[in-house]
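Hi everyone, thanks for coming. Let me put the structure up on the screen, and then we can walk through it together.

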Amino acid sequence: MDVLNVFLDAIRVAIGPQAAVFALAGVGLNLQFGYAGLLNFGQVAFMLAGAYGASMTVDAGGPLWLGILVGMAAALVVAMLFGLPALRLRADYLAIVTISVGEIIRLLVRSSTLEPVTNGVFGYRDFAAWFYAINPIPAGRYGVGNLAFPARTLWLIVVAWTLVLLASLLVLGLMRSPWGRVVRGIREDEDAVRSLGKNVFMYKLQALALGGLMGALAGSLRAIDSQAVRPDFFLTITTFMIYAAVILGGAGTIIGPTIGAMALWFVISFSEGLLRLGIESGVIEFLDPEDVAAIRFMIVGLALILLVVFRPQGLAGKPEAGLLDEH
Amino acid sequence: MLLGVAGSVLCASTLWTVPATPQEPAPSDSGQGVSGVLRLDEEPVDGARIEVETPEGNPVDTTTSAGDGAWSVPLVTPGAYVVRLDEATLPDGVVLADSTKGSLTVEVRPGQDRVIIFQLADESGPTTSEEGFDWRRLVSLSVDGVRLGIVLGVMAMGLSLIFGVTRLINFAHGELVTFGAIAAWVFNAGAFRFPLFLAGIVGLLLSAALGWGLERGLFRPLRRRRTSTVALIVVTIGLSEFLRSFYQLTFGPLPEPYRDYALQREIDLGPLTVTPKSLGIICIGAVAIVLVAFLLQRTRLGTAMRAVADNKDLAASSGIDVQRVILHVWILGAVLAGLGGILLGVTQKVEFDMGFKALLLIFAAVVVGGLGTAYGPVLGALLLGVVIQVSTIWFDTEFKFVFALLALILMLVFRPQGILGRRERVG
Amino acid sequence: MSTDVLAAVAAEPGVPKPNPILVVDDVRRTFGGLVAVDVRHLEVERGTITSLIGPNGAGKTTLFNCLTGFDRPQAGYWAFDGHRLEGRFAYQIPRYGLVRTFQLTKALDRLTVMENMLLASRGNRGERLLGALLRPSWRHTEDAARQRAERLLETFELTRMGHDLAGTLSGGQRKLLEMARALMTEPAAILLDEPMAGVNPRLRQTLCEHIEGLRDGGLTVFLIEHDMDVVMGISDWVVCMAEGNVISEGPPAVVRADPAVVDAYLGSHDGLAPVDERESHEDETS
Ligand SMILES: Nc1ncnc2c1ncn2[C@@H]1O[C@H](COP(=O)(O)OP(=O)(O)OP(=O)(O)O)[C@@H](O)[C@H]1O
Ligand SMILES: [Mg+2]
């Protein structure tokens, strides 16, 4: 019975707002990493831009929708910060720059010097009233048993997954266009594409920025979901969890990020639920409840290694088109 | 607050204030807390605000020092806390003796009343030079910078050597750093109680074993399968996450010191005052770098390493066993990382994510000096270390890391191959 | 045909040609102390097959890299079809009608053969991000490109493979694809870096015919080649480099007999027709 509840809980998480946020950020990351081959290790910085854009705008008296747009504009700035120094260089330099700049943006936001502007470590809260005020779903609980959402969560879920769908369709359309062909070509060998007369740098910058916009939108959703924004929500580990989701689902496929985000959150919450159950019932004695978070990240890390080694094409990818495989 | 800042953690020499005579833990029924007395030359300082927050930055409580300078904050749960003295609330003319130490991270054990000492000074205080510029401070910060640079340089050299022969940026290098530090800690202050010197050697041996194991068990098989560089980088990211969480689980989330190295008296060397600890770190690091340089320049193995880094195919066709060289470089790189970790652990404390926090600075050092070169990263690290430390004279310590990043970005824009690097070839 | 044009040209390094399409002056590229390329003056005649030979490490690839914007020489200038190209970015070069291939074949493995071809088409409106989602806006250029691609694939006998991933092709087919793809850019001249390397002898013959066909169609071909039989067979003019310098040029037979050329090869312990199978360079390219 308890195991069933853990299972239902895991399903709930897998279709909940968290998974949708990851899926949306994942669609963006997939455009950058899966299709364009860009090692963006700073996706979380785009999310931070989206979240702070929204919350700071509301804090300054602006409407939330404007804040979301501000967040997207901020994401474009982040894309420039990432891209201008690194996109002309070997792929690994982008990895170094994105991971560093991403972390430093977070540190700056939380620094006490900038506290007058950013509210430092305290961040913002309760800025999304507008979003929940326009909820058309009548109050109440929807679903059965453990697998139910209150109306406001359901509203967020609907909006979030709709955005995931739209973003996926956008990527699909782009990838079927000549633009997408060039981008995928760059993933394969950028010198070849350059020798054929394409401005590789521009394409990479466009892919980076577009994926970043989706990341920013995901960040805004993340903020709306928790009604709170703090710098420490945006740790590097989040980027790597999104990587795990994208690769698990199948990098370089349209549906991959969505499947991957759902599967990842299912695995995480199911295993965590089981662990907690074991700890509470005394079956597992060597772990404390606080250790569960560390185990989550161990799972993510291990998943990344094992996937690349044993199933680089992920769940949705065709074996012969495995992105990470090279013959 | 500062805990999150890689640069600051690396740099502040004794960030961890260790009370000379630790107060006996208060009876456990009274719970735990932090407290202290603010004094300047035996005069109590009252009305200063003290804030307590979690390392993640969640505020816990604030208080104000009383008429006798005393303050205390009870804490509901034990654990790590950041205690900050709001310098702006100090009376006129009173400042922190070291402005980098207005924010201290402490670990509060259950039932313990942890005493925190903020060193205060007269504003007009010890500045002796004519123009009001504190030369002693400049000198001592430069020494700190050199020490930081050496420690970073040892780590960065390892990263760069591995990159040189494998063309792989190891994002788990930070975890190799932590591994050395933790391994030495286990033998010094954990399960065993060896002197640090011995424990350090054991830590380096274990680091070597880890380097060997990673290459033989993971990276060589993956190279055999012709896994792309991008995929390998993702593997190193996964490895980094995995190891770091594993350390957190087994070593614990709190920082731990090595035995015997908590407090030291400074020694005077003319205009310089250094602790023997700092001097030791600088010497050990420098000796390690010189030894590696000797290995590279004067031994067959070193020549082979340089040949492989220069042109793998050419090296292979002239009879060098490339795979064996790569294995040796992984071992060497892991040992250098481990040594850097131990030295860093002596500077501050051993912590499960110390290497990860240092990674950003390692990257900056490597890019500034030249990715794939052996000596560039050392040069880059020394430059960075001194600039970072000396900048705190003019800038808030929080911005130290910004300089590292600025250096990295400027370098990428104007000379991406680094000071000592050369451009990649095409075609 | 064009041999007639060159008949009157003296066989000496740096000699002017009647109607050059590419003129190179004082191009110098050094790596640290090593002078990889130091070409005083070189002209490539329009509508001919000119071969660039020289022992390993002579600087041939580096010269190609410089000419096509993939490397920056420390000094020098060059003009293609009257346009000065130094300082241009690699992606701008094909606009002037100059395109290149690589010593290590660069097929785009996880794109189909047809996609490889289409990607190289010029002026495709759908390649702009803003227009990409409006299919009607680019259908026209795409269709035109497709027709051109189909013609080229047919010429190079790759039609059957059109829907296969390029990664599944054999080494020789990849060379063919790379050449066909370069031609999609509608060039006036093509620089081929060792097009025969790793190609089996039977296919070499076909490749040679293709190259001659290109020349006969009016294209200028400038190729690096190690296989002396190939060089002797198809070249209208041969240029030999050693240690960065052009040490000899002239009709094939003349260059072959030039003592300086023989010396260069002997000095490099390299024989006159080195078998050069280096398809496993994978780590060299980023
Ligand atoms: N990026 C680089 N860094 C250092 N040296 C380089 C670089 N690129 C080329 N070289 C050197 O420049 C010289 C010329 O190289 P290049 O590749 O142009 O020769 P090549 O004539 O094409 O030889 P091959 O017939 O073997 O292809 C060689 O000595 C080579 O090692
Ligand atoms: Mg060559």
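**Aromatic rings and the A–B contact**

Let's begin with a group of rings: Phe33(A), Phe41(A), Phe240(A), Tyr243(A), Phe171(B) and Phe363(B) make up one aromatic cluster. For this, rings of Phe, Tyr and Trp (its six-membered ring) pair if their centres lie within 6.5 Å; planes under 30 degrees apart count as stacked, over 60 as edge-to-face, and the rest as tilted.

Before I go on, some housekeeping. What you see is a predicted model, where local features need pLDDT of at least 70 and side-chain atom pairs count only at pLDDT 80 or more, while totals for chains, interfaces and linings use all residues. Residues are numbered from 1 along each chain as its sequence is written, chains are lettered from A and ligands numbered from 1 in the order in which they are written, and side-chain values use heavy atoms, with hydrogens and water left out.

Now, how many residues does each chain bring to the contact between B and A? Chain B gives 53 residues and chain A gives 45 residues, where contact means heavy atoms within 4.5 Å. The size of an interface is often given as the accessible area lost when the parts come together. Here chains B and A bury about 4500 Å², and 75% of that is on carbon and sulfur atoms. Buried area is the accessible area (1.4 Å probe) that two parts lose on being put together, summed over both.

What about charges? Across the interface of chain B and chain A, the rule finds zero salt bridges; a salt bridge is a side-chain nitrogen of Lys or Arg within 4 Å of a carboxyl oxygen of Asp or Glu. Between chain B and chain A, one residue pair is in polar contact, with both residues at pLDDT 80 or more. A polar contact is a pair of N or O atoms within 3.5 Å; within protein, one must be able to donate a hydrogen and the other to accept it, and residues adjacent in sequence count only if both atoms are side-chain atoms.

On the side of chain B that touches chain A, helices H4 (196-224), H5 (229-251), H10 (354-369) and H12 (400-414) of chain B each supply at least two residues. Helices (H or I, at least four residues) and strands (E, at least two) are DSSP runs, numbered from the N terminus. H5(B) gives the largest share of that side, 15 residues. By kind, the residues of this side of chain B are 34 nonpolar, nine polar and ten charged. Ala, Val, Leu, Ile, Met, Phe, Trp, Tyr, Cys and Pro count as nonpolar, Asp, Glu, Lys and Arg as charged, and the others, Gly among them, as polar.

**Two ring pairs**

Back to the rings: the count over all chains is 25 aromatic pairs. One of them is Phe233(A) with Phe234(A), a tilted pair at 6.4 Å centre to centre and 55 degrees between the planes. Phe233(A) is partly exposed at 23% relative accessibility, and Phe234(A) is buried at 3%. Buried means under 20% relative accessible area, exposed over 50%, and partly exposed in between (1.4 Å probe, protein chains only).

Another pair, Phe219(B) and Trp330(B), is stacked, with 4.8 Å between centres and 10 degrees between planes. Why does this pair tie together separate parts of the chain? Because Phe219(B) is in helix H4 of chain B and Trp330(B) is in helix H9 (residues 322-347) of chain B, the pair joins parts 111 residues apart in sequence. Phe219(B) is buried, with a relative accessible area of 1%, and Trp330(B) is buried with a relative accessible area of 1%.

**Over to chain C**

Find Leu63(C) in helix H2 (residues 60-67) of chain C. Leu63(C) is buried, at 1% relative accessible area. Not counting residues up to four places away in sequence, Leu63(C) touches Val37(C), Val39(C), Leu42(C), Leu52(C) and Met241(C). Leu63(C) and Val37(C) are 26 residues apart along the chain, and their C-alpha atoms are separated by 6.3 Å.

Next is Thr101(C), in the loop between strand E6 (98-100) and helix H3 (113-119) of chain C. Its side chain reaches the backbone nitrogen of Asp193(C) at 3.3 Å.

Finally, Glu194(C) has a positive phi of about 50 degrees although it is not a glycine. Glu194(C) is buried, at 3% relative accessibility.
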